[in-house]
Structure formats: structure tokens, C-alpha cells
Amino acid sequence: MASVTMRGVRKDYGPLNILRDIDLDVADQEFITLVGPSGCGKSTLLRMIAGLETISGGDISIGSDRVNDMPPMHRDVAMVFQSYALYPHMTVAGNISFGLRLRRVVAEKIAVAVASAAAVLNLGQLLERRPGQLSGGQRQRVAMGRAMVRNPRLFLFDEPLSNLDAKLRVQMRAEIKALHRRLGSTSIYVTHDQVEAMTMADRIIVMNQGCIEQQGTPETLYDRPASLFVAGFIGSPSMNLIPGTLQNGRLVLADGATLPFPASAAQEGQAVTLGIRPEHIRPQPGGLAADVVDVEPTGVDTLILCRFSGVQVIASVRDRFRALPGTPIALAFDEDKLHAFDTATGKTLRQ
Amino acid sequence: MKGHQRLRWERALDSEAIWPLMAGFGALYLAFFVGYPVIYNLIMSVQQVTLGNISTVFRPFVGLDNYRKLVDDPLFATVFQNTLIFVTGNVALQFLGGLALALFFQAAFPGAAFFRGMILAGWILPPLVIGAVWKWLLASDNGVINYALRGLGIVSGPIYWLSDPATSLIGVTFANVWFGVPFNMILLAAGLAGLPQDMYEAAALDGAGPVRRFFALTLPMLQPTIYALLALTTIYTMRAFDLIWTMTHGGPVDSSNIFPVWSYHLSFELFDFGGGAAVSTMMLVVVFIVALIYVRSVRTERVS
Amino acid sequence: MRREFLKQSVALGALAMLGGARSAAAADPVTMWHIFGAETEPGLKNITRWNETHPDQPIDQKFVPFGQLSQQLIKGIATGDVPDLITIDNPVVASFATQGALEDLTDLVKASSFIKPDEYYPGSWATTLWDGKQYAVPGEANTLALYYNADMFKARGLDPEAPPRTWEALRKAAEILTDKDKNVFGMAFCAIQSEEGTFQFLPFLQQSGATLKTLTSPDAVAALQLWTDFVAKGQASRDVLVKRQFEMTSSWLAGASGMVVSGPWELQRMKEVKFNWRVAPLPHREGKGIEASALGGYVWGVPKGARNKAAAFKVIEFMSEPAQMLQAWSGGRLAPVKTMQVEHPAMPEAYATFRKQMEVARPRGPHPRWPDISAAMQTAIQEALTGKSTPEAALQKASRVITPILDRTPIVGL
């Protein structure tokens, strides 16, 4: 097992700057997720750790080794690819044992390792099949098995679940977590799916446009987003963000209506954005007057889309709620759950 | 009106009703363009054929006399051996050369596309031209290759590439390899381009170096392409005629004589049509066996 | 302007109708396959002449490369698609004739007032006969002589006005002209494994005093020894074994050899030669004094099954008139008729030399199995020149193939 350290890591494709000045520490045995929209550089960063991409600047270390110029085969890391990247001409057993055979592990040990991986991943019946004869989920498990048996000092996952259907995804999520708990291996997991990121990670790294926006535990990111980007990215449905101007401690909207605004570092008259999660808005008689735009029951919660003063917000309530579009509704905000952002810089104004 | 018609056409082409038509067309094509010449040749090979009776089918039947005469001919052993060396040499060297070039040009260095195109140019030249050019290059006294070898101090005197019975087969093999390498390169390059890149990345992380990746992944993955290529090259090489005819006429002393050259010599120079047909038939049997092995290997590949 | 154009159009239209009517009444064209590839070929000029003077029955012509002529004719016979008239390489006439592939022209030739057998070179005429019957008519002839580089002769102390007339003189000249440092060979000829090799060797065999029937004689061995020595002593390139006649001549033109055995068809290339050159008759063997050269050229034949035999023969007669025959020299070939001589020929010395060689040019065969005889000779030549066998052994082996063939069917006059 090993820690990973990145200092000032850059990636350029010619004049194009993909990653700039990434500083990141991954502790031994930690499970972190790199999350962000497509094109944010998260996969590139993962591939640089694996050695599949060159490093344009800065340093990457695994354990105590500076690996910048170390070929992938010597880094002792395993990776699970989005496409699984299985060897089509080898059997499942052959795929799983390929790395061990390369290391000239004795046959008995290989057999034991393959058998135990197959047992864990429920692949016992499939060992003699070829990848072409397997379903997506089975292939995914073979890819996992191939990574597992090597017992590497670092696991890398590149959106391993995005080609699976929703049900299988939830199941595999749990399996990967269980695997990590059992092996305790340092893992870096790339995904564009914030739910996956939230549910799996010890720590989430949110990336945007080649930079780290914020890192922290899932709770920290959810409760204390450092920027408008993180606020909007983490959480589903995402946080309501209402832009306006700060006057006399309240947010003034375009039509002159006002909303409560938390204590913050904002100046009087500054362009600010108010953030509030759907679950912190509820219907309450005598509250803010609004119109129902739509009602979306999800089963657990009910989402109410509302509009007032040209602003659309989503409220999420536990109770059953029915209303036709256009029905007037009165809303109340949990005032201790409000988030304040600088509209210009997108940074939090929390004190 | 027009649109309606097109629609009907497309529907007809999409429907299963057209399958028997397609199969029938295929069978007709086979019978006419493949079956007819093969059978005609086979019949000729068991007959006594002269210019006087060549235009009819009912010619004196001589059984296997033509074949017996061929096998008894002292040339048979020479030509057989030459053909074996020529074909295996060509298949091996064309494949290795094509593979080396395909791998070389896979690296996207500046100008790779241009050079690859230039190499292909060799393939579109007619064999007659290639034969003439190589004959000139391999000339013993003022040939470019001997000049280069002597200039580099590799040899002291000229090598009589084509005029020495010991080397003439090497000379024509060389030229034919040069001719066939671009074809091998293109097919292998297409095969390589079809291999998934991430598989190599996974193997690199699994600890496989470039050599290991080549033998454990590239070669087995290219296997269908390689089988097809080996079969095709064998068949093409079995038919090589123009090049040798231009370069050596099969000489000196039949040292570069192979089956197609012998067949032509028998039929069109000695007017021994039965003998020529018998040689053709023997070649056909070999080609048929190669094709059969190829088809079988493809089928087992698909089943497994 | 417009009226003028209209008038012309009407006139053209009428002409076209007339033409249409006329061609409907005209006889079928005479179809011809020939070897006249280059635009400057005299054969093509003669076809144009015929078409101009015989618009009723023009020649419908198709070019076939020399090397593919037999193959094309065989395919034509096999599929029943033959022309009315074809040019045939003279040594294969007997093969085609015995196998029934050619029409018998005996009566037509006898009745002809244009074609007079005794005016032809006997060798040329002989190639058109088989078994007492006439299967073809000579069209054009060529032969071999010795081209030499006069400048090189002078530079090496040889008299360019006195070319080697005997084998000994030839050996001597070859030795003197050879300059190994400069990659220059004294002698060049063609010993390729094809008819061309036989074509070039036969004159030397004949000069030795031997014939195809006496291949094991010391005379025959001496002839092959002469060629073998040239190569063994490095006085001729080993590439004589694989290069064709035109390729050997090209080497000579490039200064790679002092002398080359070649034919008049190369004279057109001599116009651009940068050195002084001459052409002399082939030498003879001392003590024998036999002058001999090769006889090449095509003959006119009518394939069996031709639809227009009579018209085809009319074309043959036309092509046999002096005006057409004498065109041959413009293409570097000769009329096969002794009595026809070009007045004021281009390259008069060369013309005189080659006409002189025609006097002693001997046919190959005629024999229906000439290709087999020739193949055996080619093997013998190549075995000796590569050193695989001695000339004696090589010729003995050839004799074992050729003698039974000649025993069964002799060559007339041999």
C-alpha cells in the first residue's frame, strides 16, 4: 500500500493547458474520488498517475518513489478501465492471471489467486469463457479481478461503472466499497457521477477546468461548498442558486422583492448569489408567495418546482404533495441553511 | 413516382425474399467463372491436346500420361524444389517485411503517411516493370546493388545475382518480396489499427513490456489477419509469372524455373497443352489445399 | 455564312448516306493480327497503304506483342476466334502447320503472279514449307552481324577498319578490348534460356562445321567452347545468361562491351550513339571457312478457320510487292527477296553487311518440334556457360534429346 503525492502537476497538449498546478495528497489506504464534468481533466490526471500520459510539469510520487519518468509496468498500480480493456483472445482466467504470469508467479499460487478472486467476484462459472461471451457486468467484474489479484499498491478506477445499467451500478458500487474495506488498498476513483462520488469516497476532489475546485469529505462538500460550481455540482437535485444584490442584509431580486441572506463577508450593494438546497425550502402558509410550475414525485421525496419574481426554485419535501401547475403556494426557507456566494468570483462569502 | 420506386427497391433488397436470388447468383458466378476454367483445365490435363484439336472438347483421352510424363521429367524435381523455396521464402519474407513496416509506420512520426504512400507505389507498378527495374538493379557488372555492396566493402567482386544458378532464385525472390511487401504492410496495418488501444494500456499496467505486449497481444489478436494474409500471399506467389519471365526466363539452366513459368513454357512455347494443363492442375490442387486450410482455420476461430 | 454552313451540312449528309450504302455493299474487312507495335513500323505504313488503295476491303488490324503472338494465336484457335491473316515467327510455322492450325496456301502461291519462290532467299522460303506444302509466305527477314565500337578498337590498338574475320581474331579482339578495371567486356552476345539464345548460338555451331545432327562432334564442342571461354575468361559478362538481345545491345551502347552480336533492328538506336561504330559480318572458323548467320523474321500465315482466305492472300500479295517489301529497311529489317534492293538506303554500309549476311543466313528447322530442339540447345548453352557441365557433356545431353527427334522427323537439307 502507498500514499500518492502530487505537487504542481501540469499537463499541456501543445498550447492547450489541460491541467495546471495540481497539488493533491492521497493518504495510504484512503479511497478518494475525482469528480467533475467531462473535460475537467480528471481522467488525464488518473492516467498520469498510471503512467499512460506524460507529465508536463510538477512531480507525482507513489509511496516514496518519484514516478514521473517511471514506465507504467514498474509503478505497481492496477487500473480498471471504463471500457474494461480486457484481452479479447484470453479466457477469463487468462485475463485475471496475465499480470501474475508476467511476474513469473508459480502456477499453484496463480491458481489460488484466480480462484479466490473468482469466488469474491462470483466468476467461478465463467473462468473458461472469453470476454466476448460475457455480459457487461461480468466483464466489469473480470476487470476488477484482474486488478485485484495483482495486489498492487494503488488501485485506479476510470469511470468503471458508467457502461452498466442503473441497478447493476448500485450493486457494483457496494462491491467495490466492500473490496476496498477488505483489501484496504489506496484507491483513486474517477467519475462524472456525483452520486457515485458521494457514496463511495472517504474524500472527494471536485475538479473543474483543469483545477481542483474543492476537496473534502462528502459531508463537507455538501454542507459547505466553497464555490458556486461545487454547490451546483454536488447534490441532486442541485442547490437552488438565486442571484441578486445585497441591501440592508437582504437579497434584493430584479423586481425588488427581497429574500433573507446569511451573515457573510459581502459588502452592501454587492452582486451576490444566494444558495439553498431543495430540502431546505418547504411550503408554509404565510411564507413567500409563489406559483407551482410542476410537481415531480420521486417516491421517497416529492419535488415541487416553483416560480416567484422571475426565479425558479425546487423544493424537496418528505410529505406527499399534489398541486396543479399555476396553483399559488407559500414557501419558507430554513434561514440557518443559507449559502452566500460572490456572483462575480463564484467563491463562497462564508465567514 | 421515382421515390416510390426507390422505396420498393430498397424494400426488396432488405427482404429475405431476395436471399435465394443472391445465392443463385453466387452459384452461377462460381460455376461460370471458377468452375468452368478449372474443369476445362482438368479435362485438358488428361487428354492429348494439339493445335489441331484444341478447339473441340473431344480429344484423345490419355489418362494420367501427361502427369506421368511430368513427374518423370528430370525438370520436375528442380521446378518443384524451386517453387517450394520461392513460395515459402516469399510468404515468410513478405510477411515479416510487411509486419516490420506496418509496426514502423504505426509510430506517427512526421512524414509517416507520405513514406507509407511511397512504399505503396511499388505495389501499383505492373510486375513487368518491376521485373525490368530489378533486373537492372541486380545486373552483375553495372547494377546498382553490386555497386553499393562493393562501395560499402561488403563484397570484393560482383555477385552474379541473376546469372548464377546458385543465386538466381534468390534474386527473383528478392524482387517478388519487394513487390509483395506493400500489400502485406497494408493488410497488417489495417489489422493493427483495429486493435483496441486500451488493451495495451492495461497490459502495460499489468507489467508487460513492449516485446511482451507484441507477442502476448498483437500477434494473437492479428491471427485472423495473418492467416488470411499467409493464404493470399501463398496463392499470389504460386501464380508469379511475369516477374520471373522478365528477369530470367526461368534460367540460367532452370534455376529460377517455377511451376507457373514451366506451365507457360510447356503450353505456349513447346505447344504441349496437356502437360501445361497438368502443371496448372497440380498448382490448383496446392492452392485449393491452402484455401481449405485457411477456411477451416477461420471457421474454428469463429467457433471458439 | 449560315447558308454556306447549311449547304455543307447537306453535302456531308449525302456523302454519309453514300458511304453507308457503299460500305453495306463492300466485302468484309480482312482481319489481321500483327507485331507492329511502334508507330514507325513499316508494317503499319503498308497497312495504311492497303487501306488507301482498297477502301472496299480495309484491313481490321490488331497489335499483339511479339512474345505473346503464339499464345494469342493458340487462344484464338481454342476459342474459334482467329483473324484472316497473322504474322508468325518463322521457326514455329512447322509446329502450327503439322498440328493443322494453318491453311494450305500451296495452290494460291503457285497461281500467284506476284510471288516467285526462286526470287526469295532460300532460307526464308524454307521456313514457310512443311511436308511439301506451302503454309506461309515470308514477310520480312533479319539476321545477325557483329557490331563493334570503332573508338574502342582504336584506343586499344586495334584497326577499326579490320574487324575480326575469324574465331581466333575474335578471341584476340575480345581479350584486348576487355578492361576489367573499367568493367568493360570485349564481347557480348545473348545466351538467355529462350529462343533468342538458340538464335544467336546456331550461327557459331554452323561455322564450326557441325550441325544439330553432329552435336557430339569436336566441331560442335569447339563452338560451345568459344562461347564458354568468353564468359569463363571474363571477356563477356555472365549476364549474357539472363539478358535478352536488346538488353545486351543496350549494354554495348552504354560502352560496357566492345563488340556485340545483334541484328539490324537495332540500327534505329544507332542514330544516337556517341561513339563511332561499325557492323561487320560474323567471323568464320579458321580452316573451315564457313560463313553462317541466323535467320529471323516473320511470315504471313492464314489461320485455319479464317473466313476470308482469298482476301487475306490478296493482302499477302500486296505486301510482297517491292514497294511494300522494301519498306522493311526503314524499320531495320530486310526484304526476304534476293532481287529486291533498296536504292540509296540509309546507313548504306550496314545495309550491305546485313544483305551479305542474308546470303548465308540459315533457317531454324523447319521442324514441327523446333521448340523442343531449341529448348535442349538452350539448356546445353546455359549448362556450359554457367560451368555446370563441360561443353562436351552439355552437348551430349542435348544430343540425347535432339537426335531421336531428328531421327523420327529429319530437317530437310540437313
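Guide: What follows goes from confidence to chains, then to strands, a helix and some backbone details.

Visitor: What are the overall scores of the model?

Guide: This is a predicted model, and its scores are ipTM 0.84 and pTM 0.81. For chain C the average pLDDT is 90, with 94% of the residues at 70 or above. Residues 1-25 of chain C have a pLDDT below 50, and this stretch makes zero contacts in the model beyond near neighbours in sequence.

Visitor: Into which domains is chain A divided?

Guide: Domain 1 covers 4-227 and domain 2 covers 237-342. Their C-alpha centres are 39 Å apart. The C-alpha atoms of chain A occupy a box of roughly 75 × 45 × 35 Å along the principal axes. Its secondary structure consists of eight helices and 19 strands. Chain A has 351 residues, of which 39% count as buried. Among contacts in chain A with a separation of 6 or more, 64% join residues 24 or more positions apart.

Visitor: Which chains have the most contacts between them?

Guide: Two pairs of chains touch, and the pair B and C has the most contacts. On that interface, 29 residues of chain C meet 25 residues of chain B. Helices α3 (69-79), α4 (93-98) and α16 of chain C each supply at least two residues to the chain C side. The biggest contributor is α16(C), with seven residues. Chains A and C do not touch, and their nearest C-alpha atoms are 50 Å apart.

Visitor: How should I read the side chains of a strand?

Guide: In a regular strand, side chains alternate between the two faces of the sheet. Take strand β1 of chain C, residues 30-34. C:Val30, C:Met32 and C:His34 point one way, while C:Thr31 and C:Trp33 point the other way.

Visitor: Is β1(C) enclosed or open to the outside?

Guide: Five of its five residues are buried, so β1(C) is largely enclosed by the rest of the structure. The cut-off behind "buried" is 20 or more other C-beta atoms within 10 Å.

Visitor: With which strands does β1(C) pair?

Guide: One partner is β2 of chain C, residues 59-63, in the parallel sense over five bridges. Another is β3 of chain C, residues 85-89, also parallel, over two bridges. C:Met32 shows both pairings: this residue stands opposite C:Gln61 in β2(C) and opposite C:Leu85 in β3(C).

Visitor: Which residues other than glycine have a positive phi?

Guide: C:Asp131 is one of them, with phi near 55 degrees. C:Asp131 sits in the loop between β4 (129-130) and β5 (133-134) of chain C, and is exposed, because 12 other C-beta atoms lie within 10 Å. Another is C:Asn183, whose phi is near 60 degrees. C:Asn183 belongs to the loop between α8 (167-177) and α9 (195-207) of chain C. With 17 other C-beta atoms within 10 Å, C:Asn183 counts as partly exposed.

Visitor: Where are cis peptide bonds found?

Guide: One joins A:Ser236 and A:Pro237, with omega about -5 degrees. A:Pro237 lies in the loop between α8 (228-233) and β11 (240-247) of chain A. Another runs from C:Gly365 to C:Pro366, with omega near 0 degrees. C:Pro366 is in the loop between β12 (361-362) and α16 of chain C.

Visitor: Which residue lies 45 residues along the chain from C:Gly365, and how far apart are the C-alpha atoms?

Guide: That residue is C:Pro410, and the C-alpha separation is 9.2 Å. C:Pro410 lies in the segment after α17 (391-408) of chain C. C:Pro410 counts as exposed because it has 11 C-beta neighbours inside 10 Å.

Methods: Residues numbered from 1 in each chain as written. Chains lettered and ligands numbered in written order. Predicted model: local features only at pLDDT ≥ 70, side-chain atom pairs only at ≥ 80, totals over all residues. Helix = DSSP H or I, 4+ residues; strand = E, 2+ residues; numbered from the N terminus. Pairing = 2+ DSSP bridges. pLDDT = per-residue confidence, 0-100. Contact = placed C-beta atoms within 7 Å. Domains from an automatic or database assignment.
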